[in-house]
Amino acid sequence: MAERTLRGARLGGQSFEDERGIEFAARQQVGYKCPHGHEFEITMSIEAEVPAVWECPRCGLEAESTAGIEREVKAEKPQRTHWDMLLERRSEKELEEILTERLELLRGGEIGPAHLHRANARKKKPAKT
């Protein structure tokens, strides 16, 4: 008997609900035009914030609104370099002192790559007589 109840109906392919009594959300058509001249419309809710640009479905370029909505210009910060960030923490005088100190340690063989220290140690050993 269970087989007969599903006969003639496509599962998931068709809704048996009726559209009577259903109130759809208020919508608006927003027009856009891309630099290549492609014009298209997007359906949006009236409550939605309409963007100034939308990707063109044909060529993928940024299309601008035909309703006169303008883009928001964002203030861009200049890119900070490593030097800028270093100067936020230390003055140039402090950096000079640190550099001098580290160069003395490097030249003295206390810091740096091990292969450089071995070469310096061989040169400093007195010759056997």
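Guide: Let us begin with Glu104, which lies in helix H3, a helix covering residues 92-107 of what is a predicted model. Glu104 has a relative accessibility of 56%, and because exposed means over 50%, Glu104 counts as exposed. Together with Glu92, Glu94, Glu96, Glu97 and Glu101, Glu104 forms a negative surface patch.

Of the 129 residues in the protein chain, 10% are buried. The largest nonpolar core consists of eight residues, namely Val30, Tyr32, Cys34, Phe40, Ile42, Met44, Cys56 and Ala63. At least two residues of this core come from each of strand S1 (27-33) and strand S2 (39-45), and S2, with three residues, gives the most.

Charged side chains also pair with one another, and a search of the whole structure finds four salt bridges. In one of them, Glu39 and Lys33 meet at 3.7 Å, N to O; Glu39 is exposed, with a relative accessible area of 59%, whereas Lys33 is partly exposed at 40%. Another salt bridge joins the side chains of Arg80 and Glu88 at 3.6 Å, N to O, and salt bridges that share partners link Glu62, Glu64 and Arg71 into one network.

Conventions. Residues numbered from 1 in each chain as written. Predicted model: local features only at pLDDT ≥ 70, side-chain atom pairs only at ≥ 80, totals over all residues. Heavy atoms only, no water. Patch = residues over 30% accessible without salt bridge, like charges linked within 9 Å, V, L, I, M, F, W, Y side chains within 5 Å. Areas by Shrake-Rupley, 256 points an atom, 1.4 Å probe, with all protein chains shown as cover. Lys, Arg positive; Asp, Glu negative; His and termini not counted. Charge placed at Lys NZ, Arg CZ, Asp CG, Glu CD. Helix = DSSP H or I, 4+ residues; strand = E, 2+ residues; numbered from the N terminus. Buried < 20%, exposed > 50% of the residue type's maximum accessible area, 1.4 Å probe, protein only. Core = buried A, V, L, I, M, F, W, Y, C linked by side-chain atoms within 4.5 Å.
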